[in-house]
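Dear colleague,

I am handing over the structure that we spoke about, and it is shown just below. My notes on what was found in it follow, grouped by topic so that you can read them beside the model.

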Amino acid sequence: MADPAFFTRACTLTLAEIVERLPAAVGAVLADQDDAHFVVEDVAPLSSAGPAELSFFDNRKYLGQFRTTRAGACVALPRFAKDAPAGCRLVLANDPYRAYALIAQAFYPQDPVVPGIDIRAVVDESARLGEGVRIDAGAWIGPGAQIGARTHIAANAVIGANVTIGRDCRIGALVSVSHARLGDRIILHPGVRIGQDGFGFAMGLPSHAKVPQLGRVIVQDDVEIGANSAIDRGAGPDTVVGEGSKIDNLVQIGHNVQIGRHCILSGQVAIGGSTVLGDFVAVGGNTGISNSVTIGTGAKVAGGSGVMRDIPAGAVHGGVPAKDIQEFMRDMAFLTRLRKARGGDL
Amino acid sequence: MADPAFFTRACTLTLAEIVERLPAAVGAVLADQDDAHFVVEDVAPLSSAGPAELSFFDNRKYLGQFRTTRAGACVALPRFAKDAPAGCRLVLANDPYRAYALIAQAFYPQDPVVPGIDIRAVVDESARLGEGVRIDAGAWIGPGAQIGARTHIAANAVIGANVTIGRDCRIGALVSVSHARLGDRIILHPGVRIGQDGFGFAMGLPSHAKVPQLGRVIVQDDVEIGANSAIDRGAGPDTVVGEGSKIDNLVQIGHNVQIGRHCILSGQVAIGGSTVLGDFVAVGGNTGISNSVTIGTGAKVAGGSGVMRDIPAGAVHGGVPAKDIQEFMRDMAFLTRLRKARGGDL
Amino acid sequence: MADPAFFTRACTLTLAEIVERLPAAVGAVLADQDDAHFVVEDVAPLSSAGPAELSFFDNRKYLGQFRTTRAGACVALPRFAKDAPAGCRLVLANDPYRAYALIAQAFYPQDPVVPGIDIRAVVDESARLGEGVRIDAGAWIGPGAQIGARTHIAANAVIGANVTIGRDCRIGALVSVSHARLGDRIILHPGVRIGQDGFGFAMGLPSHAKVPQLGRVIVQDDVEIGANSAIDRGAGPDTVVGEGSKIDNLVQIGHNVQIGRHCILSGQVAIGGSTVLGDFVAVGGNTGISNSVTIGTGAKVAGGSGVMRDIPAGAVHGGVPAKDIQEFMRDMAFLTRLRKARGGDL
């Protein structure tokens with residue numbers, strides 16, 4: 001059970017209600033209609049769920065836990081129905097993890113924003129605040145800024161002059177945003193930095209000359225950005241993060257970068273200036289991508305890689321320098337086998 | 001000498017007093033009992049220490065500096081006693097660096113916390129503050145939070161609702177903590193982010209579904225966490241940092257990660273979700289570790305590595321992808337030799 | 001055109017005025033003196049510049065854009081004069097990007113600092129503020145701190161006791177600085193961390209012993225440091241960033257590091273303790289450099305590298321472990337060719 005000091009369960013639901021709420025695309029059905037009235041009191045991981053709780057199983061690695069779970073109900077793929085222990089009611093679905101995500105959202109919806117402008121917030125008189133906005137103490141809202149309805153600006157965040165932020169956004173504590181236009185339903189976790197100067201210098205003697213950074217950061221709807229990540233504004237064009245993209249903690253995005261829609265960037269990814277990512281690109285943690293390269297739609301990059309060249313749509317690359325991940329792994333394995341076969345001789 | 005604008009020396013000590021204060025395990029003895037009453041006025045690096053100062057020598061690389069040091073006293077291994085210059089009194093010890101650390105702590109103890117709640121701090125009336133707590137201006141303490149005795153919350157830090165922080169902690173400026181339980185004597189350097197949502201999404205069309213993150217962050221006693229590092233809360237289980245572990249700056253720790261006791265994570269390490277580190281694991285800077293791998297007790301990982309698989313206890317791995325570090329280095333050296341022997345021909 | 005919500009153009013200039021303002025070293029001349037009175041209204045990227053705007057061309061990759069640009073004027077190398085389209089007036093220069101940077105600075109100078117101490121800033125009565133200083137709400141200036149003339153401390157930044165900051169600096173929102181001396185004309189972007197403890201421990205049982213960090217951070221004139229970067233103070237010696245060096249976002253610099261003058265460190269570089277960089281060193285993004293190595297003047301390190309050994313002055317290294325970048329690339333290419341030639345056999 002989630003710690004009630006931090007999480008408030010909104011409801012209990014019967015299995016019938018749960019199946020009914022799920023979108024058709026998830027393909028959820030009860031394995032046994034007799035379970036329709038079973039009351040689920042909470043969600044929980046497979047290993048700790050109890051008889052009144054619902055869990056999910058979607059990774060063979062945890063088959064042992066599934067076979068012995070004490071969960072009262074579980075979402076699983078139809079082909080694993082035979083592995084469920086007695087007493088574990090089944091919701092069959094073609095995407096159990098997505099089904100679980102949506103069910104867990106029903107039990108634990110985002111806390112609603114309680115409107116109010118703390119008297120200790122600093123809000124410029126020319127800023128425009130939508131209905132139901134909440135601004136916590138110590139937040140600083142600059143002249144001309146616009147904050148959309150029901151958006152929450154948490155404590156000590158700093159929103160620069162003329163920045164626009166859409167509706168239903170969650171701007172975390174100690175965030176800074178300048179030179180930016182943000183869409184709706186955006187989540188910025190604490191310490192995010194948006195809109196500062198890009199790293200633009202004409203290098204050389206007698207000293208590097210700073211190039212004024214005259215673009216903005218555009219963040220489209222439904223983007224989420226992790227703690228302490230940084231997105232520089234464009235040098236002339238804008239830096240853009242496309243709709244629905246999810247960015248993890250401590251990610252660096254350089255000026256003029258264009259991130260497509262529904263991309264996934266894991267922790268400590270670094271993307272050099274003017275690089276372009278198509279839609280649905282996924283980049284593993286700690287990977288660096290050079291400036292001015294293009295990553296095609298749906299491409300994946302393994303964690304820990306160093307990308308120096310374009311990657312075609314749909315390809316899966318990895319390694320340093322990055323190439324087709326299978327090729328890279330084969331190269332490294334071949335090298336080891338060759339060295340050992342030779343006993344280190346040439 | 002340390003800049004008195006920033007550091008206040010607490011005392012002077014004779015060599016006898018120094019040896020007496022050191023724990024037996026360090027095995028400290030004076031090389032010459034006649035030096036017992038020599039007064040050490042300060043500590044300093046080998047290269048700059050003067051006749052009234054004590055330094056240490058524990059790395060052969062600096063043997064030249066040791067032989068010519070002007071230090072009035074020095075901690076060193078017994079086998080290097082013969083290399084000390086005339087006038088440099090010797091404290092012999094089996095771990096000179098640890099001995100030095102403890103001596104330097106005596107000369108420069110942490111400043112005591114001066115109690116007081118700044119009137120410009122924002123402390124919810126339901127928060128509970130222990131005796132001798134200090135809270136600086138602009139800090140924000142949420143409802144139900146508990147702050148242990150003598151803990152210092154620095155300026156503009158944000159402590160979320162119901163968070164608990166133990167005794168004698170130092171919470172740096174501009175830190176944010178939510179959904180977390182922190183033990184005693186913890187140091188969080190400025191800009192640390194603890195407790196925000198883990199990076200949990202059921203990926204796919206039409207858009208990635210956010211998975212509610214229902215766990216916490218548990219930070220055990222005597223942990224230190226570097227500037228701008230981020231630790232996400234668990235998805236269901238907790239994220240845990242074990243007792244005495246030390247985490248450097250700009251480190252990323254994903255949801256559900258379990259860090260054992262007395263681990264060392266250097267700067268810009270990234271650890272993927274649900275990965276488990278045993279006790280006394282050491283990870284070099286800029287290394288990425290995939291999600292859901294296990295690193296055994298006492299294992300070491302070289303800096304700049306990409307870990308994709310489990311590492312057994314006690315092993316030393318490195319490279320991309322990481323493997324036994326000696327094997328990796330041999331592979332790369334063999335490759336170069338082979339290419340050159342062939343003049344690039346196959 | 002830059003978004004007027006965020007950027008204010010200071011002037012228009014004729015081509016003659018532009019050439020006149022440029023320093024002799026740039027070697028700027030008009031291709032056609034008849035263009036001297038042409039009025040440039042703004043600067044813009046090659047692809048979007050219109051007939052009243054000036055752009056620049058200095059990278060063959062964009063030759064197509066240059067040939068078809070609608071820009072009224074363009075800075076370019078003399079040898080490309082023949083490629084300019086009709087109607088595009090030419091400023092010829094030996095360093096077009098630097099010329100453009102200086103021209104753009106004329107059109108978009110840094111906003112002047114509007115003096116004033118916000119009543120909601122927390123300024124210790126013993127702090128000393130120069131003429132024309134601006135301190136925004138929520139900023140915290142500790143006892144004994146000194147802030148030079150015309151320096152701007154943005155909202156919620158925290159400046160520790162006895163820190164000195166020079167003239168004409170821009171200290172971004174939510175920055176923290178302690179144990180440091182900063183020169184003139186320094187830019188710290190939001191979330192920078194300067195002066196916290198270095199990562200110094202005498203490791204081992206029963207627990208790692210903290211080594212008091214008794215040095216400072218010295219940042220020389222004209223340094224710029226990117227968002228959320230962290231620079232630890234020295235352990236005994238100081239950590240030093242040399243004049244004119246430019247540091248990107250999310251960079252980690254360990255204790256005792258010495259960065260020379262006019263270095264360039266790209267995003268997410270990590271530099272281990274006591275490492276020394278000469279002048280004009282350039283390090284690509286996401287590269288890690290071990291502790292206690294020396295990188296010679298003018299050396300370059302490719303992005304995504306892992307540096308474990310000294311690099312001689314002027315060398316260009318890369319890869320993991322880093323070596324001469326050409327050698328590394330040849331090694332990796334040879335490996336692939338050899339494996340394929342063998343069909344994976346030994």
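**Salt bridges and the C–A interface**

A search of the whole structure finds 63 salt bridges over all chains, a salt bridge being a side-chain nitrogen of Lys or Arg within 4 Å of a carboxyl oxygen of Asp or Glu. Please keep in mind that this is a predicted model, in which local features need pLDDT of at least 70 and side-chain atom pairs count only at pLDDT 80 or more, while totals for chains, interfaces and linings use all residues. Residues are numbered from 1 along each chain as its sequence is written, chains are lettered from A and ligands numbered from 1 in the order in which they are written, and side-chain values use heavy atoms, with hydrogens and water left out.

In chain A, Asp197(A) forms a salt bridge with Lys210(A), and their closest N and O atoms are 2.6 Å apart. This pair links distant parts of the chain, 13 residues apart, with Asp197(A) in the loop between β21 (193-194) and β22 (201-202) of chain A and Lys210(A) in strand β23 (residues 209-210) of chain A; helices (H or I, at least four residues) and strands (E, at least two) are DSSP runs, numbered from the N terminus. Asp197(A) is buried, with a relative accessible area of 17%, and Lys210(A) is buried as well, at 18%, where buried means under 20% relative accessible area, exposed over 50%, and partly exposed in between (1.4 Å probe, protein chains only).

In chain B, Asp197(B) forms a salt bridge with Arg233(B), the closest N and O atoms being 2.6 Å apart. Here the pair links parts of the chain that are 36 residues apart, Asp197(B) in the loop between β21 (193-194) and β22 (201-202) of chain B and Arg233(B) in the loop between β26 (230-231) and β27 (239-241) of chain B. Both Asp197(B) and Arg233(B) are buried. In chain C, Asp331(C) forms a salt bridge with Lys323(C), with 2.7 Å between the closest N and O atoms, and both of these residues are buried.

Turning to the interface, chain C and chain A bury about 5000 Å² between them, 64% of it on carbon and sulfur atoms; buried area is the accessible area (1.4 Å probe) that two parts lose on being put together, summed over both. The contact takes 62 residues from chain C and 68 residues from chain A, contact meaning heavy atoms within 4.5 Å. Across this interface of chain C and chain A the rule finds six salt bridges. Arg216(A) forms a salt bridge with Asp3(C), the closest N and O atoms being 2.8 Å apart. A network of salt bridges links Lys323(A), Glu327(A), Arg330(A), Asp331(A), Arg339(C) and Lys340(C).

**A sheet in chain C**

Chain C holds an open sheet of five strands in the order β2-β7-β6-β5-β4, with mixed pairing, two strands being paired if DSSP finds at least two bridges between them. Strands β2 (29-30) and β4 (42-43) of chain C stand at the edges, each with a single partner strand, so one side of each is left without a neighbour in the sheet. Within the sheet, four bridges join β6 (residues 73-76) of chain C to β7 (residues 89-92) of chain C, and these two strands run parallel. Ala76(C) stands opposite Leu92(C) in β7(C).

**Backbone points to check by eye**

The peptide bond from Val320(A) to Pro321(A) is cis, with omega near -5°, and Pro321(A) is placed in the loop between β39 (316-318) and β40 (323-324) of chain A. A cis peptide bond also joins Val320(B) and Pro321(B), with omega about -10°.

Phe280(A) has a positive phi of about 55° although it is not a glycine; Phe280(A) lies in the loop between β33 (276-277) and β34 (282-283) of chain A and is partly exposed, with a relative accessible area of 26%. In chain B, phi of Asp168(B) is near 55°, a positive value in a residue other than glycine. Asp168(B) lies in the loop between β16 (164-165) and β17 (170-171) of chain B and is partly exposed, with a relative accessible area of 29%.
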